[in-house]
Amino acid sequence: MQHGIRPVIFYYNPNIFPREEYEIRKQESKRHAESLGLTWIDGDYDHEQWRQDVCGLEGEPERGLRCEQCFILRLKATALQTKKLGLKFFTTTLASSRWKSLEQIERAGHVAEQSVEGTVFWAQNWRKGGLYERRNQLLKEYGFYNQQYCGCEFSRRRPDEPQGCKKQ
């Protein structure tokens, strides 16, 4: 791989809903990793726990507090996996999405690195320097499924739909 870096892909997305959407995205990630000969690790899909973890934030807009909480949860799990594998650095593909706040992602990454000793969040703007264009080129080249929403059920709901949860 480039610059002596061989990535390991940790697929952890308990936020994605419905389960069918999760499976489509998971298989696309796995297919890509296998095509590159990369290690691919399947994180747990515990959507009910994720819902509890964002309970009270359902009505938040995109790029609101729910998104930041979701990023923190997922990046902490990534940092823990990083340490478990004996690696130091971790990053996220979230930073390639034009729909996400880079500032929120970077804050979440630093919260995660501070919560897991010995890990370092690699904050990279994957949208600059031609990287966003390269992303779009790869989507076409590999025939990737390209979703039109983040994956969270709350990003798909209309404001007038019920969005409550029960805190445990």
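User: Which residues have the most contacts inside the largest nonpolar core?
Analyst: This is a predicted model, where local features need pLDDT of at least 70, side-chain atom pairs count only at pLDDT 80 or more, and totals for chains, interfaces and linings use all residues. Residues are numbered from 1 along each chain as its sequence is written, and side-chain values use heavy atoms, with hydrogens and water left out. A nonpolar core is a set of buried (under 20% relative accessible area, 1.4 Å probe, protein chains only) Ala, Val, Leu, Ile, Met, Phe, Trp, Tyr and Cys residues joined through side-chain atoms within 4.5 Å. The largest one has 13 residues, and those with the most contacts inside it are F71, L75, F90 and I105.

User: Which element gives the most residues to this core?
Analyst: Helices are DSSP runs of H or I with at least four residues, strands are runs of E with at least two, and both are numbered from the N terminus. Two elements give two or more residues to the core: α3 (65-84) and α4 (102-115). With five residues, the top contributor is α3.

User: What does I105 touch, leaving aside its neighbours within four places in sequence?
Analyst: Contact means heavy atoms within 4.5 Å. By that rule, the partners of I105 are F71, L75, T92, L94, A95, K100 and F121.

User: What is the angle between the planes of Y11 and W40?
Analyst: Rings of Phe, Tyr and Trp (its six-membered ring) pair if their centres lie within 6.5 Å; planes under 30 degrees apart count as stacked, over 60 as edge-to-face and the rest as tilted. The structure holds six aromatic pairs. Y11 and W40 form a stacked one, with centres 6.0 Å apart and planes at 25°.

User: How many residues apart are Y11 and W40?
Analyst: Y11 sits in strand β1 (residues 8-11) and W40 in strand β2 (residues 39-42). Y11 counts as buried because its relative accessibility is 7%; W40 counts as buried because its value is 16%. The pair links distant parts of the chain, and the separation is 29 residues.

User: Which element gives the largest share of the lining of the second largest pocket?
Analyst: On a 1 Å grid over the protein atoms alone, a pocket is an open set of points where a 1.4 Å probe fits, with protein on both sides within 12 Å along at least five of seven lines; lining residues have an atom within 4 Å of a point. The lining includes F10, Y12, D42, W50 and R74. Two elements give two or more residues to it, α2 (47-53) and α3. The largest share, three residues, comes from α2.

Definitions and conventions
Buried means under 20% relative accessible area, exposed over 50%, partly exposed in between (1.4 Å probe, protein chains only).
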